[in-house]
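Happy to go through this one with you. Let's look at how charged side chains pair up.

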Amino acid sequence: MEVRVNAIHFDISEKLNGFIEKKAERLARRYPTITYIDVNLTLIKASSAMNKEARVKVILPHYGETVTTKTADTFEEAFDVALEAAEKQLEKKTSDN
């Protein structure tokens, strides 16, 4: 499984990158056929609240891709919520077949 993290309009810290990798690995343990997770983190407006957006794209063979986007006060929170939403979508896709 490949995890790609893109930081848009800011420099990503090692701590944040590690947090994302750890959470992605946890999802991959549940769905071992995941081939790719793409995470885009965007700083929308530096001076306002709820200005951090996480877009998570998960590719699972035979089920296609799942894309979720969430906004929150921190990148960790936005990523957590987006990953949760992606996991729910994956559960639905895999249980339908």
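The questions below concern charged pairs in this predicted model.

Q: How many salt bridges does the structure hold?
A: Side chains of opposite charge can pair when their charged atoms come close. Counted over the structure, the salt bridges number six.

Q: Which helix holds Glu87, the salt-bridge partner of Arg30?
A: The closest N and O atoms of Arg30 and Glu87 are 2.4 Å apart. Arg30 lies in helix H1, and the pair ties together parts that are 57 residues apart in sequence, because Glu87 lies in helix H2.

Q: How far apart in sequence are the parts tied together by Glu91 and Arg30?
A: Glu91 forms a salt bridge with Arg30, with the closest N and O atoms 3.0 Å apart. Glu91 lies in helix H2 and Arg30 in helix H1, so the parts they tie together are separated by 61 residues.

Q: With which side chain does the side chain of Lys23 make a polar contact?
A: Lys23 lies in helix H1. Leaving aside neighbours within four places in sequence, Lys23 is in contact with Phe79, Asp80 and Leu83. The polar contact, at 3.2 Å, is with the side chain of Asp80.

Conventions
Residues numbered from 1 in each chain as written. Predicted model: local features only at pLDDT ≥ 70, side-chain atom pairs only at ≥ 80, totals over all residues. Heavy atoms only, no water. Helix = DSSP H or I, 4+ residues; strand = E, 2+ residues; numbered from the N terminus. Polar contact = N/O pair within 3.5 Å; in protein donor to acceptor, adjacent residues only side chain to side chain. Contact = heavy atoms within 4.5 Å. Salt bridge = Lys/Arg side-chain N within 4 Å of Asp/Glu carboxyl O.
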